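Colleague: I have a few questions on side-chain contacts and the surface. May we go through them one by one?
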Amino acid sequence: MVLDRPEITAPRDRGPRRTGVRLGLMAVPLAFFGLFFAYPVAAIVTRGLKTDGRWRFGRIGEVLTDPATGHVLWFTTWQAAASTALTLLLALPGAYVMARFDFPGKGLLRAVVTVPFVLPTVVAGSAFLALLGRRGLLDELWGVRLDNSVWAILLAHVFFNYAVVVRTVGGLWAQLDPRQEEAARVLGAGRFAAWRRITLPALAPAVAAAALMVFLFTFTSFGAVQILGGPRYATLEVEIYRQTAELLDLPTAAVLTLVQFAAVAALLLVHAWTVRRRESTLRLVDARRTARRPRGAAQWGLLAAVLAGVAALLVLPLAVLVLRSFDGPDGYGLAFYRALASAGDDGVLGVAPLETIGNSLAYGLAATAIAVVVGGLAAAALTRREGRLVRGFDALLMLPLGTSAVTVGFGFLIALDEPPLDLRTSWILVPLAQALVGVPFVVRTMLPVLRAVDPRLREAAAVLGASPLRVWREVDLPMVGRALAVAAGFAFAVSLGEFGATVFIARPDNPTLPVAVARLLGRPGELNYGQAMALSTILMLVCAVALLVLERVRTDRTGEF
């Protein structure tokens, strides 16, 4: 008996269906960003520029022509440019070492350079004060003080952004085929000429992308400038905070927010262009085949120099921070850690500082769940790269990284205070604000892996009758499981350290760990300072453990983070 073989035919009109699926995937992220990002920011800008029901656009010209605004803009721009140049100068050798050398402890080093990136700015600022400030380590040893100077700000920015260059440039460098450069040398080119003509053009888009991200982060710098710069120096973000929280001048804050928003949007457009150029022109190889043990005195010397630089720039401030947390009134011990269990007599926090650890973990887990759902849907929608709609959606997802967190936090209080969306007293406000920062990390971690999935597998499953949901579950999910875990880990670490928006919306009786550190640092007294150092040390250890676990799970190196 011969059975008739069922014919498999491709479904018709797949184009409109694909568009419908993509729009469906974009719906939740668009609603999330529209409601919890665009609406609060628009509300605070409207509140600042609208008086008695009439728009006051003339205020824009008044603020922009004010010499004080010009001074802030000039300082914001040049310090960002100087920070970017210094970070590239110091971090590019590290990117090369991480890409081309194979040595014991490489995973640990990768985690160590990433810890500062996810630390709260108040923690890093405190660490640099303990190192460079009055009665700091350098002051005690050699009488050197750099607090209230631009050098402290620049060094702190290198501290934060070293990982951006190492992970962005080093990730691509590890996947460039070294045989191309070796072939050029066989044909007679010198070492530098082969590197300049073969490797440098391939790396240029990644270097440009990393430089733009560092410029973006330093252009919107807040905590480091606030703590280390003193009253002489203010970036746009610091000035927005001052006008909003201290002077209650909302019109000026609104104009400065618009200026920062325009600058960030322009930077992100250029960044998206460099990323597309990098993805479309390179042929990459497995990173595990390109790294080898250092050979010769020059390579071992370069490795030693990079390790020494990491120790001086990244590890030393954190080590001083840990040292100060044990330096109690009766000598070194656990006095400040034991004091974390008590609320104390002055009631700086209203609760025992130890409780803030549980608050941060609970908020971080909720924020991570939101970021993974929203970012996962967004990354799935971005898997197919064509079209201006998709590119615009991609740029929208990155905006919270560069937009004033102060504006977002204050906007939450102004916009989300009326029914049907009255969330002023709800605990969910904090995870929502933290998820806004976590979503870009989820997207940038998952997107390269999703784009690497062979689309013919999805098409074959669809031809066999699988629904889009089943295609995702059966084809994509098994391949991106590790990337999903890494993305969740990054979102969790970033949520733990979020400060700019949380400081506005965290309930006074339920503060997060970074908010508690800032409040303790803002009050005089050795006990408050020591508790702040102890809490900062705990937060640093939690972030370090999370990143070490991520390095064990992570297999793909093509992501930007």
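Colleague: Does Arg 324 count as buried or exposed?

Modeller: Please note that this is a predicted model. Arg 324 counts as buried, because its relative accessibility is 11% and the limit for that class is under 20%.

Colleague: Which residue forms a salt bridge with Arg 324?

Modeller: Glu 140 does, and the closest N and O atoms of the pair are 3.8 Å apart. Glu 140 is located in helix 6 and Arg 324 in helix 13, residues 296–326, so the contact ties together parts of the chain that are 184 residues apart in sequence.

Colleague: And Glu 140, is that residue buried or exposed?

Modeller: Glu 140 counts as exposed, with a relative accessibility of 53%.

Colleague: How many salt bridges does the structure hold?

Modeller: There are four. Among them are some that share partners: Arg 59, Glu 62 and Asp 249 are joined into one network in this way.

Colleague: How far apart are the closest N and O atoms of Glu 62 and Arg 59?

Modeller: The value for that salt bridge is 3.0 Å. Both residues belong to helix 2, residues 58–64, where they are three residues apart, and about one helical turn separates them.

Colleague: What about Asp 249 and Arg 59?

Modeller: Asp 249 also forms a salt bridge with Arg 59, with the closest N and O atoms at 3.7 Å. This pair links distant parts of the chain, 190 residues apart: Arg 59 is in helix 2, while Asp 249 is in the loop between helix 11 (236–246) and helix 12 (250–281).

Colleague: What is the relative accessible area of Arg 59?

Modeller: The figure for Arg 59 is 26%, which makes the residue partly exposed.

Colleague: Where is Val 144 placed?

Modeller: Val 144 is in the loop that runs between helix 6 (137–142) and helix 7 (150–173). Val 144 is partly exposed, at a relative accessible area of 34%; membership of a patch requires over 30%.

Methods. Residues numbered from 1 in each chain as written. Predicted model: local features only at pLDDT ≥ 70, side-chain atom pairs only at ≥ 80, totals over all residues. Heavy atoms only, no water. Helix = DSSP H or I, 4+ residues; strand = E, 2+ residues; numbered from the N terminus. Buried < 20%, exposed > 50% of the residue type's maximum accessible area, 1.4 Å probe, protein only. Salt bridge = Lys/Arg side-chain N within 4 Å of Asp/Glu carboxyl O.
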